[in-house]
Amino acid sequence: MEGWAWLQWPAFAASLAAAWLVASNQRARRNTGFWVFLVSNVLWIAWGWHAGAWALIALQIGLALLNLRGLRKTEDGT
């Protein structure tokens, strides 16, 4: 794989792992899931920047904001 193209695979794996964790009944796992989602957002943004995928970057920024909201709600226990 050329250049930054490899980055899409860890981003993909992090997104799937985060979705699995966020669906947990345990608050600690949900909390971890939001952190993993934030890591995946950063990875997707980095990949998108080098691929020129501007809509993907905009999507990941929006999703990161939602993940921060979810993280805050999970840490607060609400």
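Two residues are in contact when heavy atoms of theirs lie within 4.5 Å. In this predicted model, N67 touches F34, F37, L38 and N41 in that sense, with residues up to four places away in sequence left out of the count. N67 itself belongs to helix α3, which comprises residues 54–76, and with a relative accessibility of 8% N67 counts as buried, because the cut-off for that class is under 20% relative accessible area. F34, F37, L38 and N41 are in turn listed among the buried residues of α2.

**Overall architecture**

The chain contains 3 helices and 0 strands, and along the sequence these elements follow the pattern α-α-α. The C-alpha trace spans about 40 × 20 × 10 Å along its principal axes. Of the 78 residues in the chain, 29% count as buried. When contacts between residues at least 6 apart in sequence are considered, 54% of them join residues that are at least 24 apart.

**Helix α1**

Helix α1 runs over residues 8–22, and since 15 residues at 1.5 Å a residue should span 21 Å, the 21 Å found between its end C-alpha atoms agrees with expectation. The buried residues of α1 are A11, A14, S15 and A18. Viewed down the axis of α1, these buried residues fall within an arc of 105 degrees, so they line one face of the helix. L16 and W20, by contrast, are exposed on the other side of α1. What do the buried residues of α1 pack against? Their partner is α2, which covers residues 27–51.

**Helix α2**

For α2, whose 25 residues should span 36 Å at 1.5 Å a residue, the end C-alpha atoms are 36 Å apart, and the two values therefore agree. The buried residues of α2 are N31, G33, F34, F37, L38, S40, N41, W44, W47 and G48, and they pack against both α1 and α3. After α2 comes G52, which has a positive phi, near 70 degrees.

**Helix packing**

Two packed helices are described by the angle between their axes and by the distance between those axes. The table gives these values for the two pairs.

| Helix pair | Axes come within | Crossing angle |
|---|---|---|
| α1 and α2 | 8 Å | roughly 160 degrees |
| α2 and α3 | 9 Å | roughly 165 degrees |

With axes that come within 8 Å and cross at roughly 160 degrees, α1 is roughly antiparallel to α2, because angles over 145 degrees are placed in that class. The crossing of α1 and α2 is left-handed. On the α1 side, the contact is made by Q8, P10, A11, F12, A14, S15, A18, A19, L21 and V22, while α2 contributes R29, R30, T32, G33, F34, V36, F37, S40, L43, W44 and W47.

How are α2 and α3 oriented relative to each other? Their axes cross at roughly 165 degrees, and α2 and α3 are therefore roughly antiparallel to each other. The crossing of α2 and α3 is left-handed.

Notes:
Residues numbered from 1 in each chain as written. Predicted model: local features only at pLDDT ≥ 70, side-chain atom pairs only at ≥ 80, totals over all residues. Heavy atoms only, no water. Helix = DSSP H or I, 4+ residues; strand = E, 2+ residues; numbered from the N terminus. Expected span 1.5 Å × (residues − 1). Buried < 20%, exposed > 50% of the residue type's maximum accessible area, 1.4 Å probe, protein only. Arc of directions from axis to C-beta. Axes fitted to C-alpha atoms, helices over the stretch in contact; angles between N-to-C directions. Parallel < 35°, antiparallel > 145°, perpendicular 65-115°, else oblique. Left-handed = near helix turned anticlockwise from the far one by under 90°.
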